Amino acid sequence: MATLAELTVAEELAAVREIAAARGWPLTVLDPLRFHLGLPASDRSMFYLLVVCDNYPVQPPAWHWCNADGTRTDQASDKPKGSGYLHPSGVICAPWNRLAYKSVDARGPHGDWAIGNWQNNAHTHGCTTLAAMAVKIRVELNSPRYNRGRLG
Amino acid sequence: MTNPDELTRIEGQLDDALAGLKTAEGLEAEAEHEAEKALHELHDLENLKPHEILLEIATPKGLFTGIFRDDTTVATVIETAVEKKDLSRKDTFELVHGETVLQPVNRTLESFGLKRKADLELVATGTGA
């Protein structure tokens with residue numbers, strides 16, 4: 001029997017798939033709880049994310065920067081250099097990213113957020129679906145907050 | 001007989017080559033997609049009336065496609081997309097075109113240089129925590 005996380009991801013991935021197909025973003029669904037997504041930046045480089053959704057939506061997904069085939073995660077050379085959501089720590093700094101929580105990941109900038117409250121966190125700003133998160137990251141990679149380069 | 005260091009070096013080269021291949025495949029798929037999209041757009045644009053713009057908007061609930069007059073304000077487009085995609089009215093959204101945030105929202109589509117066809121993103125406001 002499918003879990004709540006699997007059902008939610010299946011439903012929300014339909015929207016991600018629709019947008020990715022229209023925009024030419026490479027998307028690979030690895031299993032019911034993980035997918036690999038490529039997003040273009042303003043300097044025409046591509047950034048890739050491995051998205052892990054176990055316990056979603058009780059907990060937010062983990063958005064790992066990764067390489068083009070998803071075999072290597074959280075390396076500086078795969079992470080955009082920037083500010084705001086594109087935090088210098090190398091994790092996407094938003095309540096909708098599990099890695100932003102210090103309680104989950106030591107690099108997480110926020111020890112002050114409660115992960116169970118992520119959807120009501122004032123900084124979530126309506127980013128409560130996988131498509132909203134993906135589009136937001138794409139927008140950040142094309143904003144002045146992206147410094148056109150990589151952390152390593 | 002090959003020594004372990006040599007093997008490790010060769011494995012590393014193989015990994016790099018595979019990653020390069022994957023990147024090249026991604027770029028090829030992107031180019032194919034662009035060509036296919038251009039053909040579709042050509043067809044769509046043939047059916048547009050003068051002063052109309054075809055907008056394809058990536059929203060938190062998937063794509064919204066709509067035809068608007070070029071003197072439509074950004075606020076009206078946002079309102080329409082929010083209504084059609086049944087997005088929460090408690091959230092504040094903004095439209096983004098490439099690197100440009102379409103603000104202030106009382107400006108028209110035309111005033112941002114949009115013509116005939118544009119891909120936009122509808123995102124909740126906020127620039128990071």
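Predicted model: local features only at pLDDT ≥ 70, side-chain atom pairs only at ≥ 80, totals over all residues.
**Entry: chain B, first look**

I began with the elements of chain B and counted 2 helices and 5 strands. Read from the N terminus, they come in the order α-β-β-α-β-β-β. The radius of gyration of chain B is 22 Å, well over the 14 Å that the globule rule gives for 129 residues, so chain B is more spread out than a compact globule. I also looked up the span of its C-alpha trace, which is about 75 × 40 × 25 Å along the principal axes. Of the 129 residues in chain B, 20% are buried. Then I turned to contacts in chain B between residues at least 6 apart in sequence, and found that 62% of them join residues at least 24 apart.

**Entry: the sheet of chain B**

In what order do the 5 strands of the sheet in chain B stand? I read the order as β2-β1-β5-β3-β4, in an open sheet with mixed pairing. The edges belong to β2 (62-69) and β4 of chain B, each with a single partner strand, so one side of each has no neighbour in the sheet.

Inside the sheet I followed one pair of strands. β3(B) and β5(B) run antiparallel and are joined by 4 bridges. For Val96(B), the bridge partner in β5(B) is Glu121(B).

**Entry: strands of chain A**

Here I traced β3(A) and its two partners. Strand β2 (residues 34-40) of chain A is joined to β3(A) by 7 bridges, and the two run antiparallel. One residue I checked was Arg34(A), whose bridge partner in β3(A) is Val52(A). The hairpin of β2(A) and β3(A) has 5 residues between the strands, and in this hairpin Arg44(A) has a positive phi near 70°.

β3(A) is also joined to β4(A), by 5 bridges, and this pair runs antiparallel. There the bridge partner of Leu50(A) is His64(A) in β4(A). Is β3(A) mostly covered or mostly uncovered? I found it mostly covered, with 5 of its 7 residues buried.

Two cis peptide bonds went into my notes. One runs from Tyr56(A) to Pro57(A), with omega near 5°, and Pro57(A) sits in the loop between β3 (46-52) and β4 (62-66) of chain A. Another runs from Gln103(B) to Pro104(B), with omega near 0°. Pro104(B) belongs to the loop between β4 (100-101) and β5 (117-124) of chain B.

I then looked at positive phi values in loops. His125(A), a residue other than glycine, has a positive phi near 50°. Its place is the loop between β5 (80-82) and α2 of chain A. Is His125(A) buried or exposed? I noted that His125(A) is buried, because 22 other C-beta atoms lie within 10 Å and the cut-off for buried is 20 or more.

Asp86(B) has a positive phi near 55°, and I found Asp86(B) in the loop between α2 (74-84) and β3 (93-97) of chain B. Asp86(B) is exposed, because it has 8 other C-beta atoms within 10 Å and exposed means 12 or fewer.

**Entry: where the chains touch**

How many residues of chain A are in contact with chain B? My note says 32, and they touch 29 residues of chain B. On the chain A side, the elements that give two or more residues are α1 (4-23) and α2 (130-140). The largest share, 6 residues, comes from α2(A). Sorted by class, this side of chain A has 15 nonpolar, 11 polar and 6 charged residues.

Conventions. Residues numbered from 1 in each chain as written. Chains lettered and ligands numbered in written order. Rg over C-alpha atoms; globule rule 2.2 N^0.38 Å. Contact = placed C-beta atoms within 7 Å. Nonpolar A, V, L, I, M, F, W, Y, C, P; charged D, E, K, R; others polar. Pairing = 2+ DSSP bridges.
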